[in-house]
Amino acid sequence: MLGKTVSAPDAQLKQDIQLLCGQYAQYNSFDPELFSKFAVKRGLRNADGTGVLAGITQICNVHGYLLSEGEKVPIDGELTYRGYSIRDLIAGAQAGGRYCFEETAWLLLLGFLPDGMQLRRFFDILSDARALPDNFTEDMIMKAASPNIMNMLARSVLALYTYDPAPEDTSIENVMLQSIQLIARMPSIMAAAYQVKKRVYDGRSMYLHNPNPEFSTAQNILRMLRSDKQFTEDEAHLLDLCLTLHSEHGGGNNSTFAVRVLTSSRTDTYSAISAGIGALKGPRHGGANFKVIEQLEYLKANVRNWDDDGEIRDYLRRVVRREAGDRSGLIYGMGHAVYTKSDPRERLLKENALRLARGTEFEAEFCLLDAIERLAPDVLHEKQGGDKPICANIDLYSGLVYRMLGIPDELHTPLFACARTAGWCAHRLEELSTGGKIVRPAFKSIVHPRDYIPLESRATAAV
Ligand code: COA
């Protein structure tokens, strides 16, 4: 039943593809100057890097700069969910000894804070929805395991369509139900997909633990991932903080925008959310948290003295010159499309990472990440010129926090997806209730008309 059948392309096919790509390059490039010639909002950005205004939302505010006489003025970043500062939300839940993610999911979906009774009822509704449909794990997860858990999440979300009696119903009532079920089930899918992957691809034992109805999302994630189901309350509260911080980030971030684009076509909930998962997987978006850990490993292997800022700076210079790391030229965990001086999520996570790392085997890794945060801005300025503030983003420390919680690296991005499902669903509901127009931007065509060439005359003309 469990197995993997992957066949690499044979030598002939590889050669054919290489040839095709050589021809592709000939016909498929153009001068990047054309973007400015036609005033194209590349990446849906204005000339100053700010995002093109594409919608109105009441769900979240990502505040990273002020505009003064057309100039961007850097400020410390602020993040509010439905008008409430994330710091206040988290502090409030902590003061009451509560888990925060469920309360946050309610707030994002509904728009107001739940009272005690509403919160308890919501908790129960989520608990009831956590179990996957009968035979789902066997039929949809075990039968075709994937080495990538994000891929499994997207596939499983699409598969849930088949188990829904009204998958095409886009009424608010039905989408609310689907949303709550997805928020509850994503962690269960992630845990099962990981256990099956461990068995099929890593040759290790798998443990399929059922969620506990008394537990919060964070508690259940730790229970389902760990072979002995054990965890401490401190660990669960730290994971809960990560889930809360990752649950929403405005309508313009890549994955949420993808969900809104698909929703605007009035497609079903499963198609829209799986698109969000696909977008989040990318290394420039949610996948960056995995890339930060990979980057940390490269750094540890290539820098001899971890206390030597000069040696770390030289290594980062090689990264941006594409001579080191994954050769993308990116310093992962640094930079943000909106935040300028600081990312408030990173600040909160860093405080907690430091508290947990102090005096442990992880302290040295924490210090290396801190060195990246201190040194990368100058390295990036050397390459790009200017002195535009570049801050660390949430992903710089999230991977280390997950490592400290004993969560495998390959689950860092899937955890982000579990949390962000709350934000995606809130935006889908908002798009359905207030959008009304299909998202349809334009592309400037620069192709010239060509005379059709009959097949028999094409031999040399095509190359
Ligand atoms: N490493 C290398 N180059 C970077 C960079 C980084 N960490 N951050 C920004 N840049 C580059 C951008 O690629 C862009 O170059 P381009 O004009 O040639 O495309 C330039 O600096 C200006 O970038 P800016 O407008 O400030 O940001 P952006 O919105 O284009 O990019 C990110 C935002 C997040 C995609 C970018 O900072 C990045 O790729 N960071 C690393 C990945 C990461 O940590 N992602 C997690 C985001 S939460």
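Mentor: Contact here means heavy atoms within 4.5 Å. Keep in mind that this is a predicted model.

Trainee: How many residues of domain 1 are in contact with domain 2?

Mentor: Start with the bounds. Domain 1 covers 76–285 + 409–435, and domain 2 covers 288–405. Their C-alpha centres lie 27 Å apart. On the domain 2 side 27 residues take part, and on the domain 1 side the number in contact is 27.

Trainee: What area is buried between domain 1 and domain 2?

Mentor: Interface size is often given as the accessible area lost when the parts come together. Here carbon and sulfur atoms give 61% of that area. The buried total is about 2400 Å².

Trainee: Which side chain meets Arg347 in a salt bridge?

Mentor: Across the interface of the two domains, the rule finds three salt bridges. Ten residue pairs are in polar contact between domain 1 and domain 2. For Arg347, the N to O distance is 3.9 Å, under the 4 Å cut-off. The partner is Asp76.

Trainee: Now the ligand. How many charged residues are in the shell around the ligand?

Mentor: The ligand is surrounded by 18 residues, with Arg45, Ile331, Gly333, Gln384 and Lys388 the closest. Seven of the shell residues are nonpolar and seven are polar. The charged ones number four.

Trainee: What share of the ligand's exposed area does the protein bury?

Mentor: Look at the polar pairs. A ligand nitrogen is 2.8 Å from a backbone N or O atom of Met334. Ligand oxygen atoms lie 2.7 Å from a side-chain N or O atom of Lys388 and 3.0 Å from a polar side-chain atom of Asn393. Taken alone the ligand exposes 840 Å², and the protein buries 69%.

Definitions and conventions: Residues numbered from 1 in each chain as written. Predicted model: local features only at pLDDT ≥ 70, side-chain atom pairs only at ≥ 80, totals over all residues. Heavy atoms only, no water. Near = heavy atom within 4 Å. Polar contact = N/O pair within 3.5 Å; in protein donor to acceptor, adjacent residues only side chain to side chain. Areas by Shrake-Rupley, 256 points an atom, 1.4 Å probe, with all protein chains shown as cover. Nonpolar A, V, L, I, M, F, W, Y, C, P; charged D, E, K, R; others polar. Domains from an automatic or database assignment. Buried area = accessible area lost by both parts, 1.4 Å probe.
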